[in-house]
Amino acid sequence: MKIEAAVLRQRGAPLPYADSRPLAIETLELDPPGKSEVLVRIAAAGLCHSDLSVINGDRPRPVPMALGHEAAGVVEALGEGVDDLAVGDHVVMVFMPSCGHCLPCAEGRPALCGPGAAANGAGTLLSGGTRLHDAGGAVHHHLGCSAFASHAVVSRRSLVRIDADLPLHEAALFGCAVLTGVGAVVNTAAVKAGQTVAVIGLGGVGLAAVLGAVAAGAAQVIAVDLSDDKLALAREMGATAVVKARAEAVDHVRTLTNGGCDVVLEMAGSVRALESAVAMTRRGGTTVTAGLPPPDAALPVNVVALVGEERTLKGSYIGTCVPARDIPRYVALYRAGRLPVDRLVSGYLTLADINRGFDDLHAGRAVRQIVRFDA
């Protein structure tokens, strides 16, 4: 079948993207779903820094590639062997497919699936194949989803079914921003009621982490960013204090918490921000990073302090989540009013507006913009 998709053919285009247009809206050929695959009609897809980092070249991926990984839609066709979904089911896409058989999957850590990571790096589906083509040959899949498109074929392992009465333009947020941000709080850091928490970097993932810390019952939730607008939004979402990300930010946070936070989460994707996060963490505390700087970025670590102060430094990928378990839980919290993730939405776009949308994301003028195909 023929579909419309946003295709990246060359990384590193100059800003503004509204002029250079790194993403071209093209007609592609989409093959039917293969074994253990599903055809999904995309209803909504969010613009994320993980997409932006492919566009600007920070995260090298093979091109041409159809981008987009945070999405929700409706099942339209089932490949051989898919017997636990039905046509018409509503689903959220998950950008890390899990094979279910490798050691991390067997340990209940699907975010670390080896075959899933290999497929994502190669720009294929979990099967190793591609289902997107143009006149020149195969077009790569982005994180197994390629969701900036009218339709996508994905692995069954990239989907979580949701209730049909949850609006799909809200459901899309649960596939990346919510899984990563809230999961980093409740799964990776295991924040306990009464603890002190700081979040550095208030994009979609960082603000979702603020919501997660509030929902977890943190006594103090301190939001750190350069943007006054995002700091104000964090306040509205329940942050107990906000701190401008300047040179004195570390001292400010340590003063607010009498020596440092129990948990500090770095969501900015910056080594400097991660260094600040470690400095904001108290002796015996935990620093978690879910930011993704360029692959050659390195962090200098004071090993004596790591040992003598019993510090914990942890990475968090897709919020250390088990998506089939966690997405329904987070949706339930949202519906109960305890996780108002709809506050993350800055606005809605059409597919034709997507390059301008990434300009706004790059400039920090937006948290989460949603491309709606069902509007």
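Contact here means heavy atoms within 4.5 Å. All views are taken from a predicted model.

View A. With a relative accessibility of 1%, Ser158 counts as buried, because buried means under 20% relative accessible area. When its neighbours within four places in sequence are left aside, Ser158 is in contact with Val92, Met93, Val94, Pro97 and Gly144.

**View B. Packing of helix α6 with helix α12.** Two packed helices are described by the angle between their axes and the distance between the axes. For α6 (residues 177-188) and α12 (residues 323-335), the axes come within 11 Å and cross at roughly 95 degrees. Helix α6 makes the contact through Val178, Leu179, Val182, Gly183, Val186 and Asn187, and α12 through Pro323, Arg325, Asp326, Ile327 and Tyr330. By class, seven nonpolar, two polar and two charged residues make up the contact of α6 with α12.

**View C. Lining of the second largest pocket.** The second largest pocket holds about 300 Å³ of space. Its lining comprises 14 residues, of which Ser98, Arg157, Leu159, Pro323 and Ala324 are the closest to its centre. Two or more lining residues come from each of β10 and α12. The most is given by β10, with three residues. By class, the lining of the second largest pocket has nine nonpolar, two polar and three charged residues.

Definitions and conventions
Residues numbered from 1 in each chain as written. Predicted model: local features only at pLDDT ≥ 70, side-chain atom pairs only at ≥ 80, totals over all residues. Heavy atoms only, no water. Buried < 20%, exposed > 50% of the residue type's maximum accessible area, 1.4 Å probe, protein only. Axes fitted to C-alpha atoms, helices over the stretch in contact; angles between N-to-C directions. Helix = DSSP H or I, 4+ residues; strand = E, 2+ residues; numbered from the N terminus. Nonpolar A, V, L, I, M, F, W, Y, C, P; charged D, E, K, R; others polar. 1 Å grid on protein atoms, 1.4 Å probe; cavity = no way out; pocket = protein on both sides within 12 Å on 5 of 7 lines; lining within 4 Å. Points joined across faces, edges and corners; volume = space filled by probe spheres on them.
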